[in-house]
Amino acid sequence: MDVQTHMKELVAAEAARHVESGMILGLGSGSTAALMIEQVGRRWQAGEVTDITCVSTSFQATGLAQEFGMPLAGLNDVDHIDLAIDGADEVDPALNLIKGGGGCHTREKLVDARADRFIVVVDATKLSDVLGSFPVAVEVLPDAYRQVMVALTAMGSQPQLRMAVRKAGPVVTDQGNLLIDAAFDQIAEPRELERAINNVPGVLDNGLFVGLADEVLVGDVDGDTASVRSIRR
Ligand code: 5RP
């Protein structure tokens, strides 16, 4: 296994150690979250944790939980979520995030915001002094995509409809909507921008996650050595 993969495995394993028996657990999306779900799944199958209920953020997370036979529930079936663990595309020093590289941010925000504790799993390349290196994903109703793109341009971004690979046309989200990637230079006021984008008619939600993360587990690689550190709020 190469050192980058080893580092991601370490971060995922460290996050999975926070899962305890009896928890209602939010399962994030993306490649790092997928490794975490596998680690939780192994602990579940080994009987190390029992009586957990998983709330999924995506088709991907649901499939992985099913592979390991972990019990799933919908957001409307649970009265709280103890812990959510999810990846991110960019993290600032205040632990504000840009998510949505995998196009799952609408359900991710529902789950991550609902959790009593939200842990983010990333590698060190995702850390940034000011958000804006990664475009802000915006999920839109298909009928609204053109007018939302006009509104995002007026906000100073360069919006692009996310196109599919190995399928003609745009990416369609798990909810049947479209995605616009809005590139902003430096996002000085992420909370204001998050609200402004969500105020545009036709927008479901965007990938700015402000004030939600409690802890970020960061994987580092130094030569052949991988390590994990924690940044808390
Ligand atoms: C999906 C996400 C992912 O968590 C984010 O894109 C990070 O993914 P990865 O761990 O593969 O880099 O927000 O919508």
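Predicted model: local features only at pLDDT ≥ 70, side-chain atom pairs only at ≥ 80, totals over all residues.

Reader: Which residues line the largest cavity?

Author: They are T57, G103, C104, R107, T173, D174 and Q175.

Reader: How many cavities of 30 Å³ or more does a search of the whole structure find?

Author: The search finds one. About 30 Å³ of space lies in the largest cavity. The word "cavity" is used because a 1.4 Å probe fits at its points but cannot get out.

Reader: Why is the largest cavity said to lie between domain 1 and domain 2?

Author: Both domains give residues to its lining, so the cavity lies between them. The domain assignment gives domain 1 as 3–128 + 211–232 and domain 2 as 136–205.

Reader: What makes domain 1 and domain 2 count as being in contact?

Author: Contact means heavy atoms within 4.5 Å. In this model, 14 residues of domain 1 are in contact with 16 residues of domain 2. The two domains bury about 970 Å² between them, with 48% of it on carbon and sulfur atoms. H105, T106 and K109 supply 45% of the area that domain 1 buries against domain 2, more than any other three residues.

Reader: Why is the meeting of the E194 and K109 side chains called a salt bridge?

Author: The cut-off is 4 Å from a side-chain nitrogen of Lys or Arg to a carboxyl oxygen of Asp or Glu. For E194 and K109 the N to O distance is 2.6 Å, which is within 4 Å and therefore meets the rule.

Reader: What does the rule find across the interface of domain 1 and domain 2?

Author: It finds two salt bridges there. For polar contact, nine residue pairs are found across that interface, with both residues at pLDDT 80 or more.

Key: Residues numbered from 1 in each chain as written. Heavy atoms only, no water. 1 Å grid on protein atoms, 1.4 Å probe; cavity = no way out; pocket = protein on both sides within 12 Å on 5 of 7 lines; lining within 4 Å. Points joined across faces, edges and corners; volume = space filled by probe spheres on them. Domains from an automatic or database assignment. Buried area = accessible area lost by both parts, 1.4 Å probe. Polar contact = N/O pair within 3.5 Å; in protein donor to acceptor, adjacent residues only side chain to side chain.
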